[in-house]
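I opened this structure for the first time and kept notes as I went. The entries are in the order in which I looked things up.

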Amino acid sequence: MTKADLIEKLAEEAPQLSRRQAEVVVNTIFDSIRDSLQRGEKTEIRGFGSFRLRHRQNKEGRNPKTGESVSVPEKRMPFFKAGKEIKELLNPGSTAPELV
Amino acid sequence: MRKADIAETICETAGVQKTDSMELVEKVLDIIKSMLQKGEVVKIAGFGNFVVRSKGERKGRNPRTGEEIAITPRRVVTFRPSQLLKKHVNS
């Protein structure tokens, strides 16, 4: 499913919305999460999961083509952790203990 | 940030009532969840992809007792951020 499919599905399920509004709703959700991450904030969505940043320290890497050593700067990586509800939805009837 | 904050922004951007906007956020999330349940990839351009992966059985340990136990096969959701999102959070 692509974002366009998602917008279409939402427009079907919410007939009070115009096509354009459905598009704005979907875009606003992901833009909000993106902006929150950019501010270094995490987003917790009950029943879905949470988005936060993981920090990668700078490290020595190599140019795979030349073998030359280069410094890879530290950076922030977006990270998603699925919530309990998703885990249960994908693994019905599972009583397995919560192990990572 | 929480769901209510997203809903509030939607009121402004999409021009809908507060009560409606919360419901719309839930609807979008439900659509995504039902796709993942079917094992489908959800691709959000400019944001990232949600992918379902199947993991086989593996051995783990109870971290408290050190006891070895089997971790049952399961399906997990992984999120692969797009290049654009990665760029955004580092700008």
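My notes on the domains, the chain interface and the aromatic rings follow.

**Ground rules.** I worked on a predicted model, where local features need pLDDT of at least 70, side-chain atom pairs count only at pLDDT 80 or more, and totals for chains, interfaces and linings use all residues. Residues are numbered from 1 along each chain as its sequence is written, chains are lettered from A and ligands numbered from 1 in the order in which they are written, and side-chain values use heavy atoms, with hydrogens and water left out.

**Domains of chain A.** I found chain A split into domain 1 (1-41) and domain 2 (50-92); such bounds come from an automatic or database domain assignment. I noted 25 Å between the C-alpha centres of the two domains. Four residues of domain 1 are in contact with five residues of domain 2, contact being heavy atoms within 4.5 Å. The area buried between these domains is about 390 Å², and carbon and sulfur atoms give 75% of that. Buried area is the accessible area (1.4 Å probe) that two parts lose on being put together, summed over both.

**Chain A against chain B.** I then turned to the two chains. Here 50 residues of chain A are in contact with 48 residues of chain B. The buried area is about 4600 Å², with 69% from carbon and sulfur atoms. I counted two salt bridges between the chains. One of them joins Arg2(B) to Glu44(A), with the closest N and O atoms 3.5 Å apart. Next I listed what chain A brings to its side: the elements giving two or more residues include helix H1 (3-13), helix H2 (19-38) and strand E5 (75-82). Helices (H or I, at least four residues) and strands (E, at least two) are DSSP runs, numbered from the N terminus. The largest share, 14 residues, comes from H2(A).

**Aromatic rings.** I searched the whole structure and got 11 aromatic pairs over all chains. Rings of Phe, Tyr and Trp (its six-membered ring) pair if their centres lie within 6.5 Å; planes under 30 degrees apart count as stacked, over 60 as edge-to-face and the rest as tilted. I looked up Phe48(A) and Phe50(B): their ring centres are 6.0 Å apart and their planes stand at 75°, so the pair is edge-to-face. This pair crosses between chains, from the loop between E1 and E2 of chain A to strand E2 (residues 48-55) of chain B.

Methods:
Salt bridge = Lys/Arg side-chain N within 4 Å of Asp/Glu carboxyl O.
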